[in-house]
Amino acid sequence: MPEILSLEELRERFSSASGGEMFDPEFRKVAELVFGDGDSRQAPYCGMPTLLKAPYRPDASPDFTGIDIALFGIPMDLGVTNRSGARFGPRAVRNVDRVGPYEHVLRAVPTAHARIADVGDVPFRSRFDLAASHEDIERFALGVVKAGVMPLAVGGDHSVGLPILRAVGKDRSVGMIHIDAHCDTSGSFEGCKFHHGGPFRQAVLDGVLDPRRTVQIGIRGNSEYLWEFSYASGMTVIHAEEVGDIGIGAVIARAREIVGSGPTYISFDIDSLDPAFAPGTGTPEVGGLTSAQALGILRGLAGLNIVGGDVVEVAPQYDPTTNTAQIAAQVLFELLCLTVEAIKIRAS
């Protein structure tokens, strides 16, 4: 329990203290990162917007020197089946003013323990060619992974998960915690198997994703019949209504049991949330998770062997409130905290 002070003690300690002066050691550590010396800090609405206000390093590729975690955008939505617009997701997330630097549940200050940078967007050769775009994403993500850097991506539609997994799982298959309204394990449609409804079927068939170490959380809606592959391959599917029935603690315990201590990727589709919380997405499904449930699940994954992650399907033009982008930025920050914890564990 923190020390509770009398009025006289409060006056003595705090009357002349500035807003940037903290006495609790943990809070002081955060304040020193934010303020440095004094109580002045840059206004959140000033400067160039970057992912989580990280230093901007678009020149970091191809060797990514001096970076532990690379945040990058994937402004591509050629794989959508209905409402386009997720190509604008990275820009919307960059424009969120205030997320971090402190995570109060995990008591984490990720910038104190890792070198983090926004390395820009994946460079695309063509804005019209889906297959070429996937090649470009895989090439970029593979460069990050080969440099020993942790990739955290902001999409873009969910088809981007396939080329990232091909990079992350190149040398061994990985497990996955997948939070979404849809399993995204359907087959090809109209001659294309690289759309946003089927990346994880292809990832399993490519040998980069281990289905028996994969759990899909928040699933619901009228596309259930398309997800036969999830069940046939041994993936664990937890429907949105089950989350409320069994509770967040049970969901976390199941997810941790399934992925175990092996390398694990986290993929977060913003449509996992009920559209009451996040309407800015291409395939909204009612009856979804609350933002509090989603954050609770993510925070329960601390300590796992995380090897990368993504936040996808933010289509900001469908949400005039900007709530969807705000939640996506918070989710990205939670993923950052999880990846920093994984780096600390591996280094210990």
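Residues are numbered from 1 along each chain as its sequence is written. Because this is a predicted model, local features need pLDDT of at least 70 and side-chain atom pairs count only at pLDDT 80 or more, while totals for chains, interfaces and linings use all residues; side-chain values use heavy atoms, with hydrogens and water left out.

**Exercise 1. A strand and its partners**

Task: Find out whether the residues of strand 4 are buried or exposed, and which strands pair with strand 4.

Solution: 
- Step 1: Locate the strand. Strand 4 covers residues 174–179. Helices (H or I, at least four residues) and strands (E, at least two) are DSSP runs, numbered from the N terminus.
- Step 2: Check the burial. Buried means under 20% relative accessible area, exposed over 50%, and partly exposed in between (1.4 Å probe, protein chains only). Six of the six residues of strand 4 are buried, so the strand is largely enclosed by the rest of the structure.
- Step 3: Look at the directions. In a regular strand the side chains alternate between the two faces of the sheet. Here Val174, Met176 and His178 point one way, and Gly175, Ile177 and Ile179 point the other way.
- Step 4: Find the partners. Two strands pair if DSSP finds at least two bridges between them. Strand 4 runs parallel to strand 5 (residues 209–219), with five bridges joining them, and Val174 stands opposite Leu209.
- Step 5: Follow the chain. From strand 4 the chain passes through helix 6 (residues 199–205) to strand 5 in a right-handed β-α-β crossover. Right-handed means that, with the strands pointing away from the viewer, the path from the first strand over the helix to the second runs clockwise.
- Step 6: Turn to strand 7. Strand 7 also pairs with strand 4 in the parallel sense, over five bridges, and Ser267 is the bridge partner of His178.

**Exercise 2. A residue in a loop**

Task: Describe where Ser272 sits and what Ser272 is in contact with.

Solution: 
- Step 1: Ser272 belongs to the loop between strand 7 (264–269) and helix 10 (291–299).
- Step 2: With a relative accessible area of 0%, Ser272 is buried.
- Step 3: Contact means heavy atoms within 4.5 Å. Leaving aside neighbours within four places in sequence, the contacts of Ser272 are Ile179, Asp180, Ala181, Arg220, Gly288 and Leu289.

**Exercise 3. Another salt bridge**

Task: Decide whether Arg57 and Asp59 are buried, partly exposed or exposed.

Solution: 
- Step 1: Arg57 and Asp59 form a salt bridge, their closest N and O atoms being 3.5 Å apart.
- Step 2: Arg57 is partly exposed at 27% relative accessible area, whereas Asp59 is exposed at 59%.

Note on methods
Salt bridge = Lys/Arg side-chain N within 4 Å of Asp/Glu carboxyl O.
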